[in-house]
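Take a walk through this chain with the model open beside you.

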Amino acid sequence: MSSKKNVKILLIGLSVERSALFMGTILLMLTIAYLLGSIPSGVWIGKYFYQKDIREFGSGNVGTTNTYRVLGPKAGTIVLVMDVSKGIIAASLPYMFGVAATVSPLLIGVGAVAGHTFSIFTKFKGGKAVATGAGILLPYSPLFFAIACTIFISLILLTSMVSVASVLGFIGITIAALLFQDWLLATIAGILTIFVIYKHRGNISRIFNGTESMVPFGLGLYLRNKKNR
């Protein structure tokens with residue numbers, strides 16, 4: 001009897017130890033993801049290579065769009081790649097730690113989105129969650145990542161407005177997740193959609209006023225220029 005009791009106690013102890021180790025792994029991954037997301041790509045690129053703080057120019061935002069506007073296409077492209085990569089790497093952590101079967105890449109990826117929008121390096125101010133939010137899709141589902149890219153690029157070409165492509169892109173992914181009955185993605189995408197709309201509230205006002213900035217290509221720019229002739 002005593003021997004069976006000792007075995008039972010040992011098994012309970014091992015179970016508790018494994019649970020503690022598992023929770024510790026999750027916390028470690030979330031911390032790494034948050035710190036990765038917190039890297040203020042646009043601010044660092046601007047300061048170290050262009051001697052400019054992009055927060056003091058243009059819209060004052062630290063994301064890709066303002067980097068393009070203030071520092072040019074080369075810097076903007078580098079920042080875009082860096083911001084998307086933050087999401088990709090963060091969402092890949094469950095695979096790296098060997099726990100992807102039990103921990104969804106999306107859940108850890110959200111840590112990077114939180115870091116991107118509330119960066120510890122810039123007094124908890126950051127971007128609008130778009131590029132890093134898109135990045136977390138790739139490790140989770142290349143199909144949804146491809147859908148997101150297709151929606152975003154198509155809307156950029158049609159409207160010439162990054163803000164429209166960003167907001168409608170998140171809405172589109174939420175709808176696609178519902179159609180595919182991916183409830184986890186639909187929930188996370190839905191929450192991020194609300195957040196992205198909130199972060200773009202100033203852009204939305206300018207869209208309705210007809211004063212929103214446009215990229216130097218696309219149908220929207222052509223129609224605006226034609227109207228103003």
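Where in the chain is confidence lowest, and where is it highest? The lowest value belongs to helix 1, residues 2-38, with a mean of 76. The highest belongs to helix 7, residues 137-140, at 97. This is a predicted model, so-called confidence here being the pLDDT. Over the chain, pLDDT averages 90. A score of at least 70 is reached by 93% of the residues.

Now turn to the domains. Domain 1 covers residues 1-123. Domain 2 covers residues 141-228. Their C-alpha centres are 23 Å apart. How many residues does each domain bring to the contact? Domain 1 brings nine residues, and domain 2 brings seven residues.

About 710 Å² is buried between domain 1 and domain 2. Carbon and sulfur atoms give 85% of that area. On the side of domain 1, the residues that lose the most area to domain 2 are Thr65, Leu106 and Thr117. Together they account for 43% of what that side buries.

What about charge pairing and polar pairing? Salt bridges across the interface of domain 1 and domain 2 number zero.

Which helices build the side of domain 1 that touches domain 2? Helix 3 (64-71) and helix 5 (105-117) each supply at least two residues. Helix 5 gives the largest share of that side, five residues. By class, the side of domain 1 that touches domain 2 holds five nonpolar residues, three polar and one charged.

Finally, follow the backbone. Most residues other than glycine have a negative phi. Two residues are worth a look against that background. Phe124 has a positive phi, near 60°. Where is Phe124 found? Phe124 sits in the loop between helix 5 and helix 6, the latter spanning 130-135. Ser160 also has a positive phi, near 65°. Ser160 lies in the loop between helix 8 (142-159) and helix 9 (162-179). Neither residue is a glycine.

Go on to helix 5, which supplies five residues to the side of domain 1 that touches domain 2. Then stop at Phe124, in the loop between helix 5 and helix 6. End at Ser160, in the loop between helix 8 and helix 9.

Definitions and conventions:
Residues numbered from 1 in each chain as written. Predicted model: local features only at pLDDT ≥ 70, side-chain atom pairs only at ≥ 80, totals over all residues. Heavy atoms only, no water. Domains from an automatic or database assignment. Contact = heavy atoms within 4.5 Å. Buried area = accessible area lost by both parts, 1.4 Å probe. Salt bridge = Lys/Arg side-chain N within 4 Å of Asp/Glu carboxyl O. Helix = DSSP H or I, 4+ residues; strand = E, 2+ residues; numbered from the N terminus. Nonpolar A, V, L, I, M, F, W, Y, C, P; charged D, E, K, R; others polar. pLDDT = per-residue confidence, 0-100.
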